[in-house]
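Reader: Could you walk me through a structure and show me how to read its features? I'd like the general idea each time, then the case at hand.

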Amino acid sequence: MQGAQQLMKVFVTRRIPQEGVKILKQAGMCNLSVWDSDEPVPRAELLNGVSGAHGLVCLLSDRIDAEVLDAAGPNLKVISTMSVGFDHLSIDEIKKRGIRVGYTPDVLTDATAELTVALLLATARRLPEGVNEVKSGGWSTWKPLWLCGYGLSGSTVGVIGLGRIGLAIAKRLMPFGVKKLLYTGRGAKPEAKEVEGEFVPLDALVAQSDFVVVSCSLTPDTQGLCDKAFFSKMKKTAVFINTSRGAVVNQEDLYDALSSGTIAAAGLDVTTPEPLPTDHPLLTLNNCVILPHVGSATYATRGIMAELTANNLLAGLTGAAMPTELKI
């Protein structure tokens with residue numbers, strides 16, 4: 001039985017699913033300090049809470065930079081983020097201090113791919129518009145062209161970034177009768193064979209695709225990738241979908257493309273900033289469907305993410321191998 005003085009302080013920046021909390025409590029080595037709210041921890045509370053901590057559990061909305069690491073002090077051994085993305089972490093500063101990082105790849109692949117397909121279909125077939133028409137009394141009689149959209153059957157789909165999630169999206173779209181699957185990225189992928197994917201340059205993908213799906217990670221190369229020049233190369237009847245990171249898209253250019261008829265429609269699960277202000281111009285458009293970053297939001301997935309986050313943290317505290325460690 002360890003004495004209280006031997007327990008290691010762990011700061012958790014948010015209320016996380018019970019599956020993760022249970023693992024941390026049962027380990028018997030953590031003195032848990034939790035920002036017990038569904039809302040993000042205020043910066044001052046984060047700096048205070050992390051002081052002297054051996055471990056930190058954080059989320060995508062927490063900016064973990066030199067200021068936070070300095071506030072934590074020399075005890076900090078491990079940061080475990082309940083996310084697959086890690087652009088909120090100052091990796092250089094973390095590496096400099098020899099701190100290990102755990103993250104949660106793979107476990108949210110299926111949920112995010114499902115949501116991407118749902119968003120694509122909702123956008124292309126104008127489902128939110130249809131729901132609004134029913135509620136507002138706009139549904140009168142059957143009209144041949146009323147609420148017509150675009151179908152996947154016989155279409156060309158272009159996936160930007162055929163990683164784990166990109167491939168999972170492609171696999172789910174192919175049974176809809178997609179004729180051709182194009183993809184682009186750093187290089188051709190052998191696993192693209194599973195979806196008969198054709199590796200093409202970005203310009204070719206954008207020009208030929210009926211649906212452009214963005215599922216790449218955010219890097220200096222992809223920041224602002226989808227801009228005026230990008231949208232101007234798309235078909236007028238094409239649908240644009242982004243479930244990766246908001247910063248991949250220039251939102252002013254997207255607004256212009258949608259409002260001028262340069263492209264047909266867009267569906268976004270990610271924006272800049274998040275949450276998107278309610279007076280943002282994109283929210284005035286009928287041909288833009290925006291979701292509040294719910295790609296991985298199934299009960300099962302969030303529970304598994306919390307478990308993995310907890311197990312990564314414990315491994316970092318004990319010096320053991322992490323289930324999913326970020327190589328930095």
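Reader: How many disulfides does a search of the whole structure find?

Author: A disulfide is a pair of cysteine sulfur atoms within 2.5 Å. Searching the whole structure turns up zero. This is a predicted model, in which local features need pLDDT of at least 70 and side-chain atom pairs count only at pLDDT 80 or more, while totals for chains, interfaces and linings use all residues. Residues are numbered from 1 along each chain as its sequence is written, and side-chain values use heavy atoms, with hydrogens and water left out.

Reader: How should I read a nonpolar core, and which residues touch the most other members of the largest one?

Author: In soluble globular proteins, nonpolar side chains tend to be buried together. A nonpolar core here is a set of buried Ala, Val, Leu, Ile, Met, Phe, Trp, Tyr and Cys residues joined through side-chain atoms within 4.5 Å. The largest has 48 residues, and V157, L173 and L317 touch the most other members. Helix α11 (residues 299-318) gives this core its largest share, seven residues. Helices (H or I, at least four residues) and strands (E, at least two) are DSSP runs, numbered from the N terminus.

Reader: What does L317 touch?

Author: Contact means heavy atoms within 4.5 Å. Leaving out residues up to four places away in sequence, L317 touches M8, V10, M29, C30, H54, G55, K77 and V78. There is also a second, separate core of 25 residues, with L205, V214, F240 and A257 among them.

Reader: Next, strand pairing: which strands does β3 join?

Author: Two strands pair if DSSP finds at least two bridges between them. β3 (residues 55-58) runs parallel to β1 (residues 8-12), with three bridges joining them, and F11 stands opposite L56. Four bridges link β3 to β4 (residues 78-81), again parallel, and there V57 faces S80. Both faces of β3 are covered: G55 and V57 are buried on one side, L56 and C58 on the other.

Reader: What kind of unit do β3, helix α3 and β4 make?

Author: A crossover is right-handed if, with the strands pointing away from the viewer, the path from the first strand over the helix to the second runs clockwise. β3, helix α3 (residues 66-72) and β4 form a right-handed β-α-β unit.

Reader: Which strands pair with β10?

Author: β9 (residues 211-214) pairs with β10 in parallel over four bridges, where V213 has I241 as its partner. β10 is also joined to β11 (residues 265-268) by four bridges, in parallel, and F240 stands opposite A266. The chain crosses from β10 through helix α10 (residues 251-259) to β11 in a right-handed β-α-β crossover. Another right-handed unit is built from β9, helix α9 (residues 228-233) and β10. In β10 (residues 239-242), V239 and I241 point one way, F240 and N242 the other, and all are buried.

Methods: Buried < 20%, exposed > 50% of the residue type's maximum accessible area, 1.4 Å probe, protein only.
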